[in-house]
Amino acid sequence: MTTDNYLELSQVAITFPTPKGPFLALQDVNLKIAKGEFISVIGHSGCGKSTVLNIVAGLHQATTGGVILEGKEVTEPGPDRAVVFQNHSLLPWLTAYENVELAVKRVFGKKKSKQEIAQWVEHNLGLVHMEHAMHKRPHEISGGMKQRVGIARALAMEPKVLLMDEPFGALDALTRAHMQDSLMEIQNRLNNTVIMVTHDVDEAVLLSDRIVMMNQGPGATIGEILKIDLPRPRDRVTLAETPEYNHYRAAVLQFLYAKKHASAKPAVKSEAVEETAEPEPGLVSLEEHKKKKFG
Ligand SMILES: Nc1ncnc2c1ncn2[C@@H]1O[C@H](COP(=O)(O)OP(=O)(O)O)[C@@H](O)[C@H]1O
Ligand SMILES: [Mg+2]
């Protein structure tokens with residue numbers, strides 16, 4: 001196995017049972033990811049980004065095809081694939097320190113001594129600059145800080161793959177920029193393999209080695225993959241002024257807008273569909289409802 005083939009999604013498709021019958025969310029998803037690569041997944045709401053991530057996490061099982069990590073098939077969640085969700089999932093009754101400690105004990109409880117565990121927890125909280133607030137509980141710290149604790153907890157598990165589902169989506173612009181910079185710095189130091197779902201075009205270009213752009217469902221799949229050949233370390237302010245950065249940015253926007261128009265067209269012809277459509281997020285719902293209604 002070459003390192004280019006560290007993580008592989010092969011012919012992944014998934015069908016969800018719904019009250020209206022089976023719903024094919026993804027099909028023909030093929031992707032090879034190298035060790036240490038930073039991949040962003042971008043696409044319209046409802047296209048299946050979270051589903052892809054959840055399949056890699058082992059939280060969903062692909063209906064056909066599958067995921068191979070370092071030569072082994074993924075069949076269930078495991079500490080080798082840590083997940084960071086958009087809404088930081090810290091346990092509210094535990095301090096930041098204890099939240100990270102819990103995960104560390106679960107993974108390294110038998111391998112590390114008490115003292116080593118304490119050092120490791122502090123080290124990882126240090127990576128996200130949370131030393132000063134590590135004994136506070138989630139309600140005592142800001143959203144950005146909670147998200148940093150969530151990332152520290154994920155990193156502390158030393159996962160082979162770090163999976164992040166819109167991790168900075170709920171943060172204000174300034175905090176988000178700060179978190180993106182620390183993530184780049186950490187990833188540069190640890191060489192983690194990362195898959196991050198985002199709908200922020202600038203975030204995707206700034207952070208990624210490759211951007212995976214998804215088509216809309218039903219039966220969503222990868223539309224295009226954009227390789228981002230920008231030197232690292234990357235500085236957002238300097239980059240924003242370069243033609244290369246703006247070229248990548250425009251390419252992603254173009255993909256997203258082309259998809260939007262492609263899917264919006266048929267919906268205009270049939271207003272009845274629009275009227276009866278349930279208020280689901282994203283453009284995909286119109287297509288989906290039409291398919292369900294008219295086969
Ligand atoms: N457990 C589920 N049961 C039924 N449908 C689902 C389930 N999870 C996701 N879906 C559907 O699959 C599609 C992709 O969802 P998701 O991966 O959450 O999209 P995204 O993260 O890109 O917004 C959507 O149409 C959604 O309604
Ligand atoms: Mg999602």
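Analyst: Let's start with contact: two residues are in contact if their C-beta atoms, placed from the backbone, lie within 7 Å. By that rule Asp 80 touches Leu 69, Pro 159, Lys 160 and Val 161, not counting residues up to four places away in sequence. One caution: this is a predicted model, where local features need pLDDT of at least 70, side-chain atom pairs count only at pLDDT 80 or more, and totals for chains, interfaces and linings use all residues. Residues are numbered from 1 along each chain as its sequence is written, while chains are lettered from A and ligands numbered from 1 in the order in which they are written.

User: Why is Asp 80 called partly exposed?

Analyst: Because Asp 80 has 16 other C-beta atoms within 10 Å. Buried takes 20 or more such atoms and exposed 12 or fewer, so anything in between is partly exposed. Asp 80 sits in the loop between strand 5 and strand 6. Its C-alpha is 4.2 Å from that of Pro 159, although they are 79 residues apart in sequence.

User: What makes helix 4 a helix, and how many of its residues are buried?

Analyst: Helices are DSSP runs of H or I with at least four residues, strands are E runs of at least two, and both are numbered from the N terminus. Helix 4 has 14 residues, and 12 of them are buried, which makes it mostly covered. Among the buried ones are Met 145, Lys 146 and Arg 148. The cover includes strand 6 (81-84), helix 2, helix 3, strand 7 (161-165) and helix 5 (173-190). After helix 4 comes Glu 158, with a positive phi near 45°.

User: How do you know that the span of helix 4 is close to the expected one?

Analyst: The expected span is 1.5 Å times one less than the number of residues. For helix 4 that gives 20 Å, and the first-to-last C-alpha distance is 20 Å too. Helix 2 (residues 96-108) has 13 residues and reaches 18 Å, close to its expected 18 Å. The buried residues of helix 2 pack against helix 3 (114-127) and helix 4.

User: What makes a set of residues a nonpolar core, and which members touch the most others in the largest one?

Analyst: The members must be buried Ala, Val, Leu, Ile, Met, Phe, Trp, Tyr or Cys, joined through C-beta atoms within 7 Å. The largest core has 67 residues, and Val 56, Val 100, Leu 125, Ala 152, Leu 163 and Ile 195 touch the most other members. Helix 4 gives the largest share, seven residues. Looking at Leu 163, its contacts include Leu 53, Val 56 and Ile 195.

User: What surrounds ligand 1?

Analyst: A residue is near a molecule if its C-beta atom, placed from the backbone, lies within 6 Å of it. For ligand 1 there are 15 surrounding residues, with Phe 16, Ala 25, Lys 49, Ser 50 and Thr 51 the closest. Helix 1 gives the largest share of the shell, three residues.
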